[in-house]
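Please look through the sequence and the 3D view below before reading on.

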Amino acid sequence: MMAPISTVFGSRACAMGALMVAASGWAASPSETATSQQDLLNLDAGAVVVSYSSQWDEEWAALLLLDDTPAKGWSAGKGTELPHEVVVELAERSRLTSLAFDNSGALEADYPGLSARGVEVWASTESPDSGFEKLVEAEAKQGERSVVKLPEPTEAIWLKFAITSNWGHPEYTELMELEAYGDPLGARDETSELAGVYDTNYELMRFAQDDQQVRGCYDFRGGTLTGSTDGRVVQFEWREKEGALVGTAVMVLSHSGEQLNGLWYQDGRYQGLWFGSPANPGQEPACALPAGDGLEQSLAESGRAIVYGIRFDVDSAQLLAKSTATLKEALGALQNQPDLALIVEGHTDAAGDTAYNRDLSQRRADAVVNWLVEHGVERKRLEARGAGEARPVASNDTAQGRALNRRVELKRRE
């Protein structure tokens, strides 16, 4: 019987800061967009691991099959019997055309033959537990990436991967990344409300949600978080020890609301997993939600705030209507504090031309300042700066890291 990801917690390698939940901060420019057919099996795309039969520990977790890099991946527990199974939920019903299995980061030099070899892929549009039909049986290359074209385009919401053999190692089996390419068949499914209490590997956590805006807190080191969601993926800035520790995170909630998958970052680098499931009735965190909308508290604690939820048209500085709630938060902070002056910084990921990214981020920062001025803020209280790709808050090597880097920051101007 496969274990839900939320109920099997691995050992924790380090106890640094908490995490943050992520939804796309703003639309990517063409330089920020990888392919016409996106990989539907990563956290930024809204994919979730809902169950697995075995994993070594948190550093070799099934969730890392969806982190968009073969640098980290999954390993079965030592000596566990084949087959190994992992079930992944897509953000929405999609038509798939090809798959990829990446063994290129597997530890073949030290453990020859541990790369996954035989892989069966099953698809369901019914549930994560039933209705599966086999799509393909494939052989994954030893220590390399393999691409498999499906015999015909196939619709799926859930994919089950059954690893039936490896390349000969008697104790260990690894696979570093799963990919699925195709086209979503509609608008991204909006999951159940995120609001509630969750039991996570960073202690109890509470989310409050107002439309796209998210606030939260968690008991580990008195953590708080502020961010936004697109209904499936959540991005947020986390803070601990009254703002002494700060970072970002991306999280995805399954359709059922039972599985919460996430990654967290600090100082621009991936640090670990953050995951959980709804807390038992009666379990309540000791932490307190950020006061107000959270933005003012962040500015008061450290003089800066990472703002997710300000969105633009692709390759444009045109603000989208869905940005209004976040812009009103910034407006409220300025109205509540007549002496407050802010620097509005635009940031991009590192894809594409550096000069272009700097210009795009400047134009987007200008757009935010113009909106605030149009709504009554004196221009002299605001300054727009485009930082481009120069100051990442997450790794630019992955889709979810790049999404976290596309952001607006507000800084108190002295």
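Contact here means that heavy atoms lie within 4.5 Å. With that in mind, note that what you see is a predicted model, and that the values below were computed from it.

**The chain as a whole**

- The protein chain contains four helices together with 22 strands.
- Of its 414 residues, 57% count as buried, where buried means under 20% relative accessible area.

- L65 is found in the loop that runs between strand 2 (48-52) and strand 3 (74-75).
- Although L65 belongs to a loop, it is buried, with a relative accessible area of 2%, which is under the 20% that the term requires.
- If its neighbours within four places in sequence are left aside, L65 is in contact with L41, W74, V86, L175, M176, E177 and L178.
- L65 and D102 are separated by 37 residues in sequence, while the distance from C-alpha to C-alpha is 9.2 Å.

**The disulfide**

- The count for this model comes to one disulfide, and it is formed by C217 and C287, whose sulfur atoms are 2.1 Å apart.
- The link of C217 and C287 is right-handed, with 65° about the S-S bond.
- C217 lies in strand 12 (residues 213-218) and C287 in the loop between strand 18 (276-278) and helix 1 (295-302), so the bond ties together parts of the chain that are 70 residues apart in sequence.
- Both partners are on the buried side of the 20% cut-off, because C217 has a relative accessibility of 0% and C287 has a relative accessible area of 16%.

**Helix 2**

- Helix 2 (residues 324-336) is made of 13 residues, and from its first C-alpha to its last it reaches 18 Å, close to the 18 Å expected at 1.5 Å a residue.
- Which residues of helix 2 are buried? They are T326, L327, E329, A330, L331, G332, A333 and L334.
- As background for reading such a list, an α-helix has 3.6 residues a turn, so residues three or four places apart point the same way.

Notes:
Residues are numbered from 1 along each chain as its sequence is written. This is a predicted model: local features need pLDDT of at least 70, side-chain atom pairs count only at pLDDT 80 or more; totals for chains, interfaces and linings use all residues. Side-chain values use heavy atoms; hydrogens and water are left out. A disulfide is a pair of cysteine sulfur atoms within 2.5 Å. Helices (H or I, at least four residues) and strands (E, at least two) are DSSP runs, numbered from the N terminus. Buried means under 20% relative accessible area, exposed over 50%, partly exposed in between (1.4 Å probe, protein chains only). The expected span of a helix is 1.5 Å times one less than its number of residues.
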